[in-house]
Structures are given as C-alpha cells and as structure tokens.
Amino acid sequence: MCELPPELIIKPLALIGLSGLDIANPIHRSIWDAFSNNRRLESSAIQFKLLTPTHEFPTVKPKRNSYEYYKPKGILKRNWMNKYLNEIPAVVVVFYNLDWNDPQWNEKKMECASKVQSLRNALDGRTTKIAVVLIQQCTQPPPGSENAIATERATAVCGACELSPKLLYILPHGNHLLGYISRLESALYDLAQNFYHHEYRIVKGHRDQLNKTVQKNTYKHLFVRHQFKMAFLNELKQDQNLAQKHYTQAYNHLLEIQITDTNVMEIITIASFINYKLCKIMFNLNVPKDAISQFRLHTDRFKLWTGPKELIFEHHAWMCSQFSTFAELFDDAIRQGLPAVQTQHPGYYFQSAAHHAGLRQAACKELCQNVNSYPEPDPLAGEEKLEFYGQRPWRPGKLSAEPADPMKEVLAIQALQHKEKYTVNHSNIIIGLLGNAISQFKVYRCPRMRRVLVVQMAEEYYNCKDYGKVLTLLMHMLWEYHGERWPVLITNILKNALRAAYLSTNIQDYITLAFEALGPSTTFSEDYKISIYNNIINILHKKSPTPDSDLPDDVKYPAIEKWIIELNQSEPIVFTIDDNNMSSFIEVKARFLQPKYAVNSMVSVEVIIRNSYSNTIEFSKISITINNPGYNEEFIINDTKHSNLIFHGKEMKKFLHQFQAPQKNDSNEMRITTISLYMGNDESCCIILRFSALGRETNFLSRLYPEIQQLRGEFEAIQPLVSAEIKQEESSLSISAESNNPALLGEWLPINISITTNEEISSAFLNVLLVSDGTNEQSTELSLTMNNKQSVISVSINNLGKNCVTHQTVYLRAHKIGDRDIHIKVEYSRSKQIKGFKELIYSLSVTKPFEISTLFYTSLFEPLTKGFIYEPFIIMPHISCISPWPIYIINTSIELGDSIERESEDQSVSVLAGITLSENETGTDAYYLIPKVSGEQPISTGVYTIRWKRANDDNALETSSSVTLSPLGIEDAVIGLEAKLPAHGWVRTPLLISYFIKNHSDQMITLRLTMEASDAFMFAGQKQIDIYILPKNERKVEWILRPLVAGFVQLPTLSLTIPDDEYKLSKARLLEVVERSIPSHIYILPTSQTIEE
C-alpha cells in the first residue's frame, strides 16, 4: 500500500535490444558477455536485453487525434514505466556473421535483409531504431585505408536491408573485442538518445494539444500524466535538469486537483512518486537544501489529508513511508559524499517515520479492535491487476466526481481494517525504524537522542512481549543514565526493567535491579520499596516474588510458574552481584588504618558500611579480599556478631579486622580489592554483594573545596585508603662497594664489595648483575676470575657472625664508554627462618684511556697522502692520553697487513716501552714500511696493539688494546729512484752523490738522465746520458759535486726524460718520482781560512 514500485526506484537506463546472438555459440557468447557483464562505472547508462527470434513487443495503441470525447480513468498507468524500462527498446541491433569475402555472400546478404524486415514488421508503429552489426572473422584493413570491395558490399547490405549507412556497423572478433564493443556501445547510446528525444516530442505534442482545449479542468489528470512522462523520458536520456523541471510541473498540476475521500489515495500515491523523483534528482544534482525544502513542503501539504476516518491508519502508514524513504535517500546521498551535520541528518527522518508508525499502530488498535472477520466476496480482489496506480480495486477507473456505492465502501473498509490488524506487524516496523534512527544518532554523536530512542525501542519490544531484549536494552540504558543523575528517568527505566526481568525470569538481573530500586537515587514510594525488599527476602527463601498488580493475567501466571520452577532446586543457589553494575542502597568503604606496615606485624583494616534504605536489613557475614602479586586471600571479618549485622534505616557501622602482614614478594604493596556482603543461607540460597573498596564516592568535591568538608556527613568524610606499603624490618647487614672509578675501556676493573653484619646470619647469597638500560648489556662483562664471563654473579656466604666483615672482589670490563649501574643484592636468613635482603646500586662511568691517530710520511719526512709500490714510507701511530689516571705503556707492536712489509725485522721493543703518559700527554711510535701490492681501494696498513696498565695502582692488571690503523692508497710505480749523499758538505770540497734507478716492471726501460747546471756547484760527470735498465734490475749513476757557496744550498736538478722511441712511461709520472725521491737541498759548511791557505 505504501511501498514504492521497483520501476520507480531503479535508475532509468536506456533499453537496447540485441537480436541474432545465440549464446550457445562461443563467439556470440563472448560478445554478449562483453555487453552485459563488463559494465564499468564510466560506461553509458544502458541496459542491454537479449531478444529471441520469436520475441513479441507490446502492441501499439491506436493514435488519438483529439481529446474531445476522451475521459481519463486515472493519472498514471501501472505498466507505462515498466514498458519503457524493460519492454520497448530504444534501439534493436541485429547481429549477423558475414565477412566481405564470404563465398555465400549473396545468400547471406538476403538472409540478413529478411531478418531486418521481420524485425521491422514486429516494431511497426514504433519509432525504435534498427541497426545491423556484421560480425567478421577476417583481418580488417588498417584505419584510413580504402577497401573497394568492403565499400561496395557495405552499400549492398544497406540497400538490401533498407538501412542508412550510419546504421551499419562492423564488429571484428579478435584480440581487441572490448575496445570495439566500447565504441559500438557509444554509437548505440547516441541512437537511443534520439529515440527518447523523439518520444519526448510526441508526449509534448499531446500536452500542447491539451493546452488548446477549452475544458482544461476536465483534463487535469492528463496534465499530470504528460508532465510525468516527459520527466521520465528525460531521465532515460540522463538529462536530470530537464527531468526536474517537468517533475516540478507535474507536482504543481497534481496540487490543482480537488482532493476528496474517494480520490485521496490516488493523489497521495502519485504525489509520493513525484516527490521521490524530485528529492532523488536534487540529491544527485548536489542541491540537498532544495531536496529537504521540497520534502518538508510535501509533508506539510498532505499531512492534513487523512482520508476517511475509518482508514486513518493508512494515512499514518503513508506518512511513515514518506519519512523513511526520504531518510534512505538522504543516507544514500551521504554515502556518495554529501556532508551532514549533527542538526540535519537521516536519523531525524527515521525517528519521524517511527513516530508515524506508532500512530498507525495506535489507530489500528482503536479502529480495528472489533473487526474479526473478512467480508465475502473479497472487495480487494484484483488489487494487483489495477490499471492505474493508487486506485481502489472496488471502484477502478472511476474519478472522484462519480458517486460511490455505500455498501461496497463499507465492505472495503472492513477488509482493509482486517488486513491491517492481522497481516501487519507494527512492532517490527517501529523497531526497525528506531534501529535505523539509533544508528544515525550514534554516527553523528547525539548520545541523549540515542538513549531516548533505545528506551522507546525497549517499550516496543515490551509490547510484542520480547522481554529478554527489553531487559538487555534497559540494563544498558540504566548504566548510561546513571551519569545523567536524573532520578525520575532512572526510576522510570528501573520500573520497566524490573517488570521485564520478572516476566523473563532473569533472577540475577532482577536482584540487581531490586537492590538499585531500594537506593536513594530513585523516587519510588515507600510501599513499592517495601514490596521490592520483600521480594528479595522471598527469593532468599526460594519463593516466587510478588508481581506488580497491574500486570495482565495472560503474562503474569506463566511468569509465576517459571519462577517456581527456577527456584525449586535442591542444590544451593548463589547469586553474585557486582557493585560495578549497579547503584545499590548499600554503601561500602574500606581503609588501612596506616599507610605502612612492617613484615610480620599486625595489619588493621576498617570496613565502613551504610544502609541508605529507610528500613531494616540483615546480612549473614562480611568478608574482605587483600591482594598483592603472588598473594590473594579472603578474610571473614571476625568483629561481627549477629546483632552487628542488622542495619536499621540510614544506619552506618564500622568493622575492624586484623591480620599478620605477609612476607614481601616481588611487590612491596598490598591492596584491598573487594568487600563482600552475604545475605541469606549458604546452604539454601545466598546473595553475595561485591563492592569496590573505594566506594562510589570519590570525594571529588572535597579535594576541590576542602571548606565544604564540614557540611558533609560522616560517611562522605571518610577517605578510603585501599593500599598500604609493606616495609622490610631494619636490615641486619650493610653493603659497601669501592673501585678506582672511572673505569677505562677494555680493562678488568676490580670492584671490592664489603658486607658487614649487625647480628648473626645463618646463610646469605650475594648477587651482582648489571642494571639493564637496553644499550650496554652486550658490551659489559662481569667475572669473578677474569676467565669466565657471567651475566649474573652469585656467591654463597655462610656463617656470618655478628659484626663480621666479608670481602668479595668482582671484575667488570666494558667495551663501550658510558655509565653503568651495578645492582648488588644480598639475600640472607636469620633465626626463625626470617628472610631479608639488602640492596645497593653502585654507579661507575667508563672512559677511553687514549686516542690513537695514524700519520704517514715519506722517507724524507714529508707528509704522505698515498704510497707507491716498493717505495718505503714511515707510519707513525700517535697516542694521546685522555685518561684521568696516568697510563704506563708496557710495550707496543704492529701487525702488518698482507700487502705491506717492514724494512727490518729486528725491532722487537717499541720506542714507547716503559713510558708513562699522564692526561693530555702524547707519544708517537714509528715504523719504516714497504708496500708490496697496489690496488684501486686503500689497503689495510695493520693493527696496532698497546699493552698497558694503570700507573697509579701497584696491583693494576695488564690490559691489551688494539686499534686498526688508517688505510693507505697504494699506486703502481714502474720506476723507483733513490739518492745517496752525505749529510753535509764543505765549500770547495768535492762530494760524491749516487742515484739508484730501479725498474719494477717486466720490460726493459730506456731513460735519459740530464744534470742541469747550477751556480752553486761544479760537477764532474756526464751532463746527459741514456741508460738501459733490465726488468727487475737497477742502475747506479754517480756525479762528483764541488760546492761553491755555503748554506742550505739547492742541489743541481736531475731530470729524467723518455727518448722518442720509448712509450712505457709518462713524463708526468717521471717528474713525480723525482720530486718525491730526491732531496732538493743540502747543507754546505764553510771551510776555515787556515785550511784554505
């Protein structure tokens, strides 16, 4: 009655029929799958329909030339939308297998033309376009090329089929089928657009013809129909804006029709159709404010047209449908990206729909209560076969002007009332709508609205007698409404929840709710509270509670029977009620009387209990649970007598319990976790109330405003103290540790630990371990002997007398600088097996003893950045002492890399052996090395090792530290050059200078040596000479120089050049060899005058 038809809801798509495809044929099947299954989001708005060869299209109505004698029977026909959506295609495509070079070309051409003609006859009178697609298997010519045969035969096919060339398409079946299908789909969509535009022009012509008639009031129904059809055809064209325009005009024409009780159903039905279309299009066009405004105007206009009073539930059903449909449209738009706000979202419309569903339910109960039989014959027969939407089956096709049959109207009303009463589940409708509204209000964070709707849903579940769900919902809401602190709301929810718990026989929840009902946060009368308390006592005596007097008998007596069955059990029944789930009339706090207790001393715990109920209550026992890691025990409070466990109205009592403090385990804290109050008999039926030691009162206001403390009661003024510290008794021993702090990197540092006892100790264990900080564990070692490394050191110490001192040395070695914390712990046992322990955290820092850098020099003591093969160089490890303690160097050594050799192997004692370096002092070692191998990458020079110890400690241990020296790049050298000359000369005294030229290659080398003239020297020897050096050999060339001046004199320049026929060496490399190998100056001393004479 109120549901929108599916043809109205679905998106209008252009209908295109595909004929000639046999899906049993694999080729045809692939083409059909490409059209139907591979629909993409960006595809055209098309629906493809596979037509069989015997498909029948709807018959064409005869055309009407005038509306002069036409009387409309309704507004919109039921079959019209479905006809254009699923029956009348805009384009029919005939598929036919035909290649241009087919051997049976003429026969197949005529067969294709015959199929087209048969289809044209079936569509006679329709403006549906017919197109032909030839499926071809042969290879197609490249685009742009001309194929005379294809052109000629395509023209022949068009002529035979009487088709325009624009309606003939070629579909090659190959690798690119989807691409061809996509292009074909686009062309067919354009043809469909033309069809719907033509249909739109036809309907518009009918509308224009109506405008020329004089009796326009007679044809108001037709104005609505024509505007709706034009709007729908534009939707099929996907022209949303023009569709909105015509739907708006249709809606305005509908409002001009006079509404009566006989036509109100048809008017509101069509109005709901048009309103749905308008709102949906407005949301699609992203104008949500216009959609909301349209919907509000729509509901405001029609909410007063209720129709016959006997059928007013139909009006509420229609209003409910309008709100729920709009809410769904709104929600779909939000899913598509429309933003919504807290004050305007679909939840409000779902809520309004639920409200009208409730009014529908109430109207049904009022109007249909006396309807018990269905009339005969059935006045609603043929309802689904009516020609027009919204019309009544007992007067189809009749307008409001015609008088109604009173007898038929009475029977029809009775049938509708009977159908409403017995076939409609109003509660399910209301619950579903409330559920949708609750989801929306939860999404948009409206907690109070959500709570109200949940309570309404619970009421509806109560109406349909689903008491379990009622109880579940109300228990959740009760917890949430506690924060609101509104007694009236809590009381209302409690009353309904108690009824639901009683009717569902949920004893646990009933007791929980009963205890809360007796609390101070409710507004129940005293008589009601007394009956609730009596019901609790009845349960403890295994008797059924007394139900509320206003409960109907049909639900009361079955509930009583279920209670009797549940409580009539031979074994004991125990109900445990957690205070976290309720706010009962019992208030409990607990506290330790002092914050610290020594081990084995007596701990005092005070429990404070207040009865907020106005009458007397009685408990059977009280227990308290104390907890700490590894220890959990429940104590029965022994400070309770039978009279002490009876609480009068508003009475508060204190109970004291004492127990011995437990031995300390991993934690030094104990806590009061729960206080349990027992009601009833353990052997029959018992209720256990578990309370948190903190109580519900957090004293928040007291902490903020201490001045109001005196205005509060005694119970509120009590500050709970739920945790206490367990102190160890004063330790019977003391620990001290000392060392030469800071430690040096790589050394075994002795740490001397001293343990002094204050009384006799039977046994003790010393444990030493490194305090973990996540970074230094892997780089720090502990040991007792410096041989075995341990992560934890444990040493047993026995028979420690009073005032006895025990020493223990522990060694620590660190391979990474930083701070270390050493945890020293002694666990001991005294007399009477009393255990104790003493701890000490010893901190020390680790620093480097020295820094080592590497320097490289040539044999002439000039800085060196790269070496050459077979040319000696000097490596100097440079030691800088950064230790706060003086360092004594025992010896140093170097372990050379595989590519380097030492010039002489007789240096076994380092030049730094026996040297003491203080802070900021330095020492340098030197080694004369010869590289034997070159390489592209710098080669390893070796590992330098220093054996050292502290100089300030006679008992210091020797430590060996090694460091990798800096690598050095070594290049190839074909020629080696070495000069031998005296350290100094004398003026006018000849001196001999020798040059040794070495050939390191595997080939003979020719060189030209030239000694250039100098003003400071005279020389004897060849000024220029060519020499030949065999492979792996050397030549010696000598000159005698006679100095002429004294001082630091520049030697005559020796140059090496390559003859023209020698290309093994470059001039640049030779010049570089001379510059690094030969000294440039020599000291010349003056001679005395006497000697000269």
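These exercises, each with a worked solution, walk through a predicted model.

**Exercise 1. Describe how helices H4 and H5 pack against each other.**

Two packed helices are described by the angle between their axes and the distance between the axes.

- Step 1: locate the helices. H4 covers residues 105-122, and H5 covers residues 148-161.
- Step 2: take the distance and the angle. The two axes come within 8 Å and cross at roughly 40°.
- Step 3: The crossing of H4 and H5 is right-handed.
- Step 4: list the residues that meet. H4 brings Trp105, Lys109, Cys112, Ala113, Val116 and Arg120. H5 brings Arg153, Ala156, Val157, Ala160 and Cys161.
- Step 5: sort this contact by class. Eight of its residues are nonpolar, none are polar and three are charged.

**Exercise 2. Is Tyr888 buried, partly exposed or exposed, and what does it contact?**

- Step 1: Tyr888 sits in strand E30, residues 887-896.
- Step 2: read the accessibility. Tyr888 has a relative accessible area of 28%. Buried would need under 20%, and exposed over 50%. Tyr888 is therefore partly exposed.
- Step 3: find the contacts, leaving aside neighbours within four places in sequence. Tyr888 touches Gly914, Ile915, Thr916, Arg947, Trp948, Lys949 and Ala951.
- Step 4: compute a separation across the chain. Tyr631 is 257 residues from Tyr888 in sequence, and their C-alpha atoms are 57 Å apart.

**Exercise 3. What does UniProt list for residues 945-1053, and how much of the span is helix or strand?**

- Step 1: read the record. The unreviewed UniProt entry lists residues 945-1053 as "domain: Gryzun putative trafficking through Golgi".
- Step 2: Residues 945-1053 are 0% helix and 59% strand.
- Step 3: The end C-alpha atoms of the span lie 43 Å apart.

**Exercise 4. Is His807 buried or exposed, and which side chain does its own side chain meet in a polar contact?**

- Step 1: His807 belongs to strand E24, residues 805-814.
- Step 2: apply the cut-off. The relative accessibility of His807 is 60%. Exposed means over 50%, so His807 counts as exposed.
- Step 3: find the contacts beyond four places in sequence. His807 touches Ile753 and Ser754.
- Step 4: pick out the polar contact. The His807 side chain reaches the Ser754 side chain at 3.0 Å.
- Step 5: compute a separation across the chain. His807 and Gln104 are 703 residues apart in sequence, with 117 Å between their C-alpha atoms.

**Exercise 5. Describe the backbone and the exposure of Asn920 and Lys1032.**

- Step 1: read phi for Asn920. The angle is positive, about 70°, although Asn920 is not a glycine.
- Step 2: Asn920 has a relative accessible area of 66%, so it is exposed.
- Step 3: read phi for Lys1032. The value is near 55°, positive in a residue other than glycine.
- Step 4: At 55% relative accessibility, Lys1032 counts as exposed.

How values were computed:
Residues numbered from 1 in each chain as written. Predicted model: local features only at pLDDT ≥ 70, side-chain atom pairs only at ≥ 80, totals over all residues. Heavy atoms only, no water. Axes fitted to C-alpha atoms, helices over the stretch in contact; angles between N-to-C directions. Helix = DSSP H or I, 4+ residues; strand = E, 2+ residues; numbered from the N terminus. Left-handed = near helix turned anticlockwise from the far one by under 90°. Contact = heavy atoms within 4.5 Å. Nonpolar A, V, L, I, M, F, W, Y, C, P; charged D, E, K, R; others polar. Buried < 20%, exposed > 50% of the residue type's maximum accessible area, 1.4 Å probe, protein only. UniProt positions renumbered as here; feature names shortened; annotations may be inferred. Polar contact = N/O pair within 3.5 Å; in protein donor to acceptor, adjacent residues only side chain to side chain.
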